[in-house]
Amino acid sequence: MRLVILGGPGAGKGTQAARLCSQLNIPWISTGDMLRSAIAAQTPLGMQAQPYVEKGELVPDPTLIEFMRSRLNQPDASKGWLFDGYPRTAFQAEELDFLLDDLGQTLDWAIYLDVPPNVMMSRILGRSRLDTDVICRLDDQPEIVQRRIELFQERTIPILEYYEQRSRLLKVSGDQTPEQVQQQILQKLNQV
Ligand code: AMP
């Protein structure tokens with residue numbers, strides 16, 4: 001199965017991605033996690049991405065697209081995957097389809113976790129308080145979170161229409177318990 005999971009910061013993408021990947025036995029490919037590791041290791045990609053990630057801005061499309069092309073060429077991605085955090089712009093969504101065409105693959109579903117902006121904000125602020133002793137995510141500061149939510153609405157929401165028009169969108173309310181959200185996703189995946 002080839003899936004993307006879409007949702008704003010704090011929508012629960014990571015939680016649902018982890019559950020779906022273990023259930024479906026596919027690799028979980030998170031651009032946010034990959035970028036944070038690259039920044040920590042100060043690789044060339046990390047150094048390029050760092051100023052954007054720290055400010056909550058989007059890393060430029062060409063950098064991400066190239067990165068995803070090489071990630072999809074790795075052997076573990078040959079039988080399926082779940083992308084978390086990619087695509088994030090309409091341009092990335094189109095580029096992903098071109099890339100999949102080249103590889104002879106197709107995307108099965110784009111799962112959208114619908115969560116109101118005020119809920120996203122309070123979830124992230126709660127998460128950053130809990131995380132302070134463990135990992136300090138600089139992009140979880142309130143004004144940066146606000147910017148990430150704005151960018152989600154401006155740049156990522158238009159992708160929903162792109163997938164809707166291609167009959168590949170599965171919309172689930174993310175404003176429920178993680179168990180309920182998971183249940184609904186699995187039900188929809190089995191139904192369609
Ligand atoms: P996330 O953990 O998915 O919220 O991603 C953290 C940060 O990584 C974002 O705020 C962006 O700066 C960057 N990022 C992750 N995925 C993408 C993407 N597909 N396009 C551009 N920037 C991204």
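Helices and strands here are DSSP runs, numbered from the N terminus. By that numbering, S167 lies in the loop between α7 (142-165) and β5 (169-173). The model is predicted.

**Ligand shell**
- The ligand is surrounded by 16 residues, the closest being T31, E57, G85, R88 and Q92.
- By class, this shell comprises 6 nonpolar, 4 polar and 6 charged residues.
- Helix α2 (residues 31-40) gives the most to the shell, contributing 4 residues.

**Backbone contacts with the ligand**
- An oxygen atom of the ligand lies 2.6 Å from a backbone N or O atom of E57.
- For G85, a backbone N or O atom is 2.8 Å from a nitrogen atom of the ligand.
- A polar backbone atom of V59 is 3.0 Å from a nitrogen atom of the ligand.
- Of the 490 Å² of accessible area that the ligand has on its own, the protein covers 96%.

**Cis peptide bond**
- Y86 and P87 are joined by a cis peptide bond, with omega at about 0 degrees.
- P87 is placed in the loop between β3 (81-84) and α5 (90-103).

**Positive phi values**
- Q42, a residue other than glycine, has a positive phi near 50 degrees.
- The loop between α2 and α3 (44-55) holds Q42, and this residue is partly exposed, with a relative accessible area of 38%.
- S167, likewise a residue other than glycine, has a positive phi near 55 degrees.
- With a relative accessible area of 57%, S167 is exposed, because the cut-off for that class is over 50%.

Note on methods
Residues numbered from 1 in each chain as written. Predicted model: local features only at pLDDT ≥ 70, side-chain atom pairs only at ≥ 80, totals over all residues. Heavy atoms only, no water. Near = heavy atom within 4 Å. Polar contact = N/O pair within 3.5 Å; in protein donor to acceptor, adjacent residues only side chain to side chain. Areas by Shrake-Rupley, 256 points an atom, 1.4 Å probe, with all protein chains shown as cover. Helix = DSSP H or I, 4+ residues; strand = E, 2+ residues; numbered from the N terminus. Nonpolar A, V, L, I, M, F, W, Y, C, P; charged D, E, K, R; others polar. Buried < 20%, exposed > 50% of the residue type's maximum accessible area, 1.4 Å probe, protein only.
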